[in-house]
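I opened this notebook page to record what I looked up in one model, going from the whole chain down to single residues.

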Amino acid sequence: MNNFTEKQNKLYNENCQKFIEKYGILKKQDNSIIEGLSNLIYCQTYSTLPESMKQKMPCPNLDYVDLIAQGIYQTAFPNITFEKIEEQINLELNKRKNLK
């Protein structure tokens, strides 16, 4: 159980669905933010499945999740639109490119 309002739960679910449609889950991604978000969404989905289904799926691996991805997942997914989340992801990716 989470502490989200009904509106936040709805937005969170919509954002997860849009993310999955665009990037998929369980696919290797080309950047650590998308990869981290993918792993976090998969982990949350996996945790809600019945045991019979879990046995047929790989266990989530959260050994390394990008810190920016964690922050976006925890604060942005229940509070802002997917379009704004993508803007935030792109901003962070551009910051990383400029540091190199």
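The entries below begin with the overall fold and end with two single positions.

**Overall fold.** I note at the outset that this is a predicted model. I looked up the secondary structure and found five helices and zero strands, which read along the sequence as α-α-α-α-α. Taken along the principal axes, the box filled by the C-alpha atoms is roughly 45 × 30 × 20 Å.

I looked up how much of the chain is covered, and 35% of the 100 residues count as buried. The accessible surface comes to about 7,000 Å², and carbon and sulfur atoms hold 53% of that area. Among contacts with a separation of 6 or more, 59% are between residues 24 or more positions apart. For the charges I found 13 positive and 12 negative side chains, with the centres of the two sets lying 2 Å apart.

**Helix α4.** Which residues of helix α4 are buried? In this helix, which spans residues 67-76, I listed Ala69, Ile72, Tyr73 and Ala76 as buried. They cover an arc of only 110° around the axis, and I therefore place them on the same side of α4. On the other side of the helix, Leu67 and Gln74 are exposed. I then looked up the partners of the buried residues of α4, and these pack against α1 (6-23), α2 (32-47) and α5.

**Pro78.** Is Pro78 buried or exposed? Its relative accessibility is 2%, and because the cut-off for burial is under 20%, I count Pro78 as buried. With neighbours within four places in sequence left aside, Pro78 is in contact with Phe4, Gln8, Leu11, Tyr12 and Tyr73; one of these, Tyr73, is also among the buried residues of α4. I also checked Pro78 against Glu14, and the two are 64 residues apart in sequence but 9.2 Å apart in space, C-alpha to C-alpha.

**Glu92.** My last entry concerns Glu92, which lies in helix α5 (residues 82-99). Its relative accessibility is 17%, and since burial means under 20%, Glu92 counts as buried. Apart from its neighbours within four places in sequence, Glu92 is in contact with Ile33 and Ile68.

Methods. Residues are numbered from 1 along each chain as its sequence is written. This is a predicted model: local features need pLDDT of at least 70, side-chain atom pairs count only at pLDDT 80 or more; totals for chains, interfaces and linings use all residues. Side-chain values use heavy atoms; hydrogens and water are left out. Helices (H or I, at least four residues) and strands (E, at least two) are DSSP runs, numbered from the N terminus. Buried means under 20% relative accessible area, exposed over 50%, partly exposed in between (1.4 Å probe, protein chains only). Contact means heavy atoms within 4.5 Å. Accessible areas come from the Shrake-Rupley method with a 1.4 Å probe; for residues, only the protein chains shown count as cover. Lys and Arg count as positive and Asp and Glu as negative; His and the chain ends are not counted. The place of a charge is taken as NZ of Lys, CZ of Arg, CG of Asp or CD of Glu. The arc is that of the directions from the helix axis to the C-beta atoms.
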